[in-house]
Number of protein chains: 2
Amino acid sequence: MAARLGVVSVVQAVIRSLRARIFSGELAPGTSLAEVDVATHYEVARPTAKAALENLVASGLLTRNAHQTARVTLLSSRDAIDIYRTRAIIEAEAVRLLAAQREVPSEAREANAEITELVGASPIDIIDPDIRFHAALVQALGSRRTSAIYAQLTDEIRLCMTHVQDATLLSTKDIAAEHARLLQLISEGEAAAAAKVLEEHLHTASNKLAEHLESL
Amino acid sequence: MAARLGVVSVVQAVIRSLRARIFSGELAPGTSLAEVDVATHYEVARPTAKAALENLVASGLLTRNAHQTARVTLLSSRDAIDIYRTRAIIEAEAVRLLAAQREVPSEAREANAEITELVGASPIDIIDPDIRFHAALVQALGSRRTSAIYAQLTDEIRLCMTHVQDATLLSTKDIAAEHARLLQLISEGEAAAAAKVLEEHLHTASNKLAEHLESL
DNA sequence: ATACGGAAATTGTCTTACAAGTACACATGC
DNA sequence: GCATGTGTACTTGTAAGACAATTTCCGTAT
């Protein structure tokens, strides 16, 4: 293989590698990805590359019209708002349920602890624990399909983030504080208040992100 | 072409045809669908059939493990409950928003009128307008991604229904009445009450469906 | 009757090939 | 000079054939 691929299935390996390259920013939004390019890059057959590209198109990371070469999706501010709205619906419900049970997921607590430790570090480093924090809330719902849907939205969020290399949208300190407050309200069983904090948290993030995307 | 296909793209046409055959019950849950079978049936190449099958696997209508022939997904009662839970999250939010705006989608009203007219008819005939009623509520959110997610869940619901040919889970009259009450509460701006009615409506439907699936 | 071995069936991938559609550049006419 | 039309190059869509790898199932032998 031309590029290192954790060997599972060729198509799956290509998909995984392309995802990583997209998220890392190596393949910036707008970059063209022809089937032949992918095929030669990984030294696989074109049908294999095609299958990988189609998978990524389906998950929203790539965009392609008929007979046109696929490009890394360039999300608009309206897309970002739409994604965050959808996220908010799911997460708010998760938070309400958790609060009703006064159950604070340990993964969420740990992820936020990680964020707190990164207060001085590069804003890019907090993306990962931040995503884990929110994912932990949804995971706690225990619904396979809800988690799957949320995972797909998370992918698009990550893609958004690659638009904004300067990811200093919110201060790490504020994010950690809002998360902590959210967990506090959950532990107190304040479902409505917790949901409201979450919605505002996502809403301000959404606004900042949309604003940054507009300015490109 | 061996079977009539509305000509768009070969793969898309095969997908559409297979979906129709699955929903119609011609391809009952559990039926094997080998790539060669599909290829010969539609007189297309195996890669084309493969692409169509992979698409349907991704949307949950078919199930396949590596090196194993695809089968029409056989949903368990737990799946049904999971699907309805996820549905409920989205629909409840839609209903809350609509109530806050006191906005009753005309499509929902029309779909329920259609149900009301079908009070004496076969329970199977109400599936379609019932789905349209609920979809109209979600559509009103105006979120592309939320609608897309909901559409996928709807597909799985339809698949559930093919398990239970005797779809007389609830009386048509009761369904129409609950829908009407829901629309009434929306028009009155009673967000919380409307959401509660919806959740109970879906919960009882989910229970009945799960019960029927268990008894197979 | 059970366990082992092998054959059949199926999917995974590659190679090659051609058809069809899109986009861009170039030339032509106004 | 600009708009328009055409043609070519590029890319994707689909097909056909071939081989490897894996799973399943059946037959046989113990």
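## Domains of chain A

The C-alpha centres of domain 1 of chain A and domain 2 of chain A lie 28 Å apart. The structure described here is a predicted model. Within chain A, domain 1 covers residues 10–72, while domain 2 covers residues 77–214. Contact between the two domains involves 9 residues from domain 1 of chain A and 7 residues from domain 2 of chain A.

The size of an interface is often given as the accessible area lost when the parts come together. For domain 1 of chain A and domain 2 of chain A, the area buried between them is about 680 Å². Carbon and sulfur atoms account for 66% of that area.

## Polar links between the domains

Across the interface of domain 1 of chain A and domain 2 of chain A, 1 salt bridge is found. There is also 1 residue pair in polar contact across this interface, with both residues at pLDDT 80 or more. On the side of domain 1 of chain A that touches domain 2 of chain A, the largest share comes from helix H1 (residues 10–24) of chain A, which supplies 3 residues. By class, that side of domain 1 of chain A has 6 nonpolar, 2 polar and 1 charged residues.

A salt bridge is formed by Asp155(A) and Arg19(A), whose closest N and O atoms are 2.8 Å apart.

## Interface of chain B and chain A

The contact of the two chains involves 20 residues of chain B and 20 residues of chain A. Together, chain B and chain A bury about 1,700 Å² between them, and 46% of this area lies on carbon and sulfur atoms. In chain B, the residues that lose the most area to chain A are Arg85(B), Ile89(B) and Arg145(B). These three residues of chain B together make up 37% of what that side buries.

Across the interface of chain B and chain A, 8 salt bridges are found. The same rule-based search of this interface gives 14 residue pairs in polar contact, with both residues at pLDDT 80 or more. On the side of chain B that touches chain A, helix H4 (77–101) and helix H7 (144–163) of chain B each supply at least two residues. The largest share of that side, 10 residues, comes from H4(B). The residues of the side of chain B that touches chain A comprise 8 nonpolar, 4 polar and 8 charged.

Arg145(A) forms a salt bridge with Asp79(B), and the closest N and O atoms of this pair are 3.5 Å apart. A network of salt bridges links Asp79(A), Asp82(A), Glu156(A), Arg144(B) and Arg145(B). Arg145(B), a member of this network, is also among the residues of chain B that lose the most area to chain A.

## Salt bridges between helices of chain A

Over all chains, the structure holds 30 salt bridges. One of the pairs in chain A is formed by Arg46(A) and Glu35(A), with the closest N and O atoms 2.8 Å apart. This pair links distant parts of the chain, since Arg46(A) lies in helix H3 (residues 46–58) of chain A and Glu35(A) in helix H2 (residues 35–42) of chain A, 11 residues apart. Arg46(A) counts as partly exposed because its relative accessibility is 49%, whereas Glu35(A) is buried because its relative accessible area is 11%, under the 20% limit.

Glu199(A) and Arg96(A) form a further salt bridge, with the closest N and O atoms 4.0 Å apart. Here too the pair links distant parts of the chain: Glu199(A) belongs to helix H9 (residues 191–214) of chain A and Arg96(A) to helix H4 (residues 77–101) of chain A, 103 residues apart. Glu199(A) is partly exposed, with a relative accessible area of 31%, and Arg96(A) also counts as partly exposed, at 22% relative accessibility.

## A salt bridge within chain B

In chain B, the side chains of Arg132(B) and Glu114(B) meet in a salt bridge, at 2.6 Å from N to O.

Arg132(B) is partly exposed, with a relative accessible area of 37%. Glu114(B) likewise counts as partly exposed, at 32% relative accessibility.

Terms used
Residues are numbered from 1 along each chain as its sequence is written. Chains are lettered from A and ligands numbered from 1 in the order in which they are written. This is a predicted model: local features need pLDDT of at least 70, side-chain atom pairs count only at pLDDT 80 or more; totals for chains, interfaces and linings use all residues. Side-chain values use heavy atoms; hydrogens and water are left out. Domain bounds come from an automatic or database domain assignment. Contact means heavy atoms within 4.5 Å. Buried area is the accessible area (1.4 Å probe) that two parts lose on being put together, summed over both. A polar contact is a pair of N or O atoms within 3.5 Å; within protein, one must be able to donate a hydrogen and the other to accept it, and residues adjacent in sequence count only if both atoms are side-chain atoms. Helices (H or I, at least four residues) and strands (E, at least two) are DSSP runs, numbered from the N terminus. Ala, Val, Leu, Ile, Met, Phe, Trp, Tyr, Cys and Pro count as nonpolar, Asp, Glu, Lys and Arg as charged, and the others, Gly among them, as polar. Buried means under 20% relative accessible area, exposed over 50%, partly exposed in between (1.4 Å probe, protein chains only).
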